[in-house]
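Visitor: I am new to this structure and would like to learn how to read it. Could you take me through it one feature at a time?

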Amino acid sequence: MLPTPSTSHVAFERIYEPAEDSYLLLDTLSSENEKLFLQNRFRAASHSPSPLVLEVGTGSGVVLSFLNAHSEVILGRPDVLTIGIDVNKFACKATEQTVIVAQQELTAQNLSHGFYVGNVLGDLTSSLKAGEVDILVFNPPYVPSPELPSLPLGEDSTQTSFEDDSRLLALSYAGGVDGMETTERLLASLPEILSQQRGCAYILLCAQNKPDKVKDGIKRWGAGWAVETVGTSGKTGGWEKLQIVRVWRTDVK
Amino acid sequence: MKVLTLNFLTCAVKACKSTSTSFPLHPKDCELVSDTIEPNALLILNILPRIDWNALITTASELGFPTLPALPPTRDELESNEKMMSELHTLLLETQISEGSLVCGNCGHEYKIKEGIANFLLPNHLV
């Protein structure tokens, strides 16, 4: 088991607290199966370019920090770039701190870590140049809800009322129809955002997202794409049975 | 955010995506801070092939860094050029933008950077 980054500094009244879904992502990304997949894909031999790892919706930063901290164990190389995006500015700041705390602990033990370029405040992948991301990780707002909370506006507001905090928190879990409205938008951006040669994505789904239907949709993207469930929470009952699907380009040279 | 981030970012306005002037974004009134980071030649060497060199030339010059050569060094050239390695180390790995803004060359929208976080959330009229 690889250590989980500390998030004790995070203000959970306005930032999603690491929960079962976060830990399923950590377990899946560090599973033997995924380490093998990622190490084959991103092997450091032959001087392949440093992979860029993006997490969308970093929240506390526990997942991105985990990937940054354990890049050598998981990807088989320490020269990995990591970047985070969140619509919540407090989450962006918290992620930065979570990554830095974990990096300092590793450095103190003489262990390697990836290179964190920073966090950006933004809506999904809208601020990114096409074709740059090699590994995208997304723990979406996946809970079905009557409506989607509106995004914070570009205008800066420094006030943090109880309502603001509630809305930021709601943005981290409320997913609209089938809990899929935000995930659908993210999926639609993958062909543009993921790198042509090596792009792959890990996306968390719950049972109410109708994962089989989601996977069928991705299969219809046609040649050059594949999708597979690579991690599950293993529960059979309850409405929030979780799974991680890996979506990847298959024409890796 | 590290200066390197500018090599991955573009204007969030949909209509700008297809224009060549929306990348790279142009730093404006930026405050820079420098972290001290141990030399990491492997990282620089493996970042190099994925960098949009022309965009980096623009970014470096707009931030007041020494002028970069017109063509990126090859891996071998970089390995044997201590000065270039050290300049890239400073520019790509150590330098952070803490305050200021990033401006789109196409639509002119300014993305504010506060405490090292660039804000790409768009106001209603641009969404």
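Visitor: Let me begin with the rings: how many aromatic pairs are there over all chains?

Guide: Please keep in mind throughout that this is a predicted model. Over all chains the count comes to 3 aromatic pairs. One pair to look at is A:F37 with A:W248, whose ring centres are 5.7 Å apart and whose planes stand at 75°; since planes over 60 degrees apart count as edge-to-face, so does this pair. A:F37 belongs to helix α2 (residues 32-41) of chain A and A:W248 to strand β7 (residues 242-249) of chain A, so the pair ties together parts that are 211 residues apart in sequence.

Visitor: Turning to the two chains, how is the size of an interface often given, and what area do chain A and chain B bury between them?

Guide: The size is often expressed as the accessible area lost when the parts come together. Here chain A and chain B bury about 2900 Å² between them, with 63% of it on carbon and sulfur atoms. Of the area that chain A buries against chain B, 20% is supplied by A:F115, A:L121 and A:K129, which is more than any other three residues supply. Counted by residues, 36 of chain A are in contact with 34 of chain B.

Visitor: How many salt bridges are there between chain A and chain B?

Guide: The structure holds 17 salt bridges over all chains, and the count between chain A and chain B is 4. In one salt bridge the side chain of A:K129 meets that of B:D52, at 4.0 Å from N to O. Another joins B:E115 to A:K93, with the closest N and O atoms 3.8 Å apart; this pair crosses between chains, from the loop between β3 (110-114) and β4 of chain B to helix α5 of chain A.

Visitor: Which strand of chain B is joined to β3(A), and do the two run parallel or antiparallel?

Guide: The partner is strand β4 (residues 117-119) of chain B, joined to β3(A) by 2 bridges, and the two run parallel. Within β4(B), B:N119 is the bridge partner of A:L121.

Key
Residues numbered from 1 in each chain as written. Chains lettered and ligands numbered in written order. Predicted model: local features only at pLDDT ≥ 70, side-chain atom pairs only at ≥ 80, totals over all residues. Heavy atoms only, no water. Contact = heavy atoms within 4.5 Å. Buried area = accessible area lost by both parts, 1.4 Å probe. Pairing = 2+ DSSP bridges. Helix = DSSP H or I, 4+ residues; strand = E, 2+ residues; numbered from the N terminus. Phe/Tyr/Trp six-rings, centres within 6.5 Å; stacked < 30°, edge-to-face > 60°.
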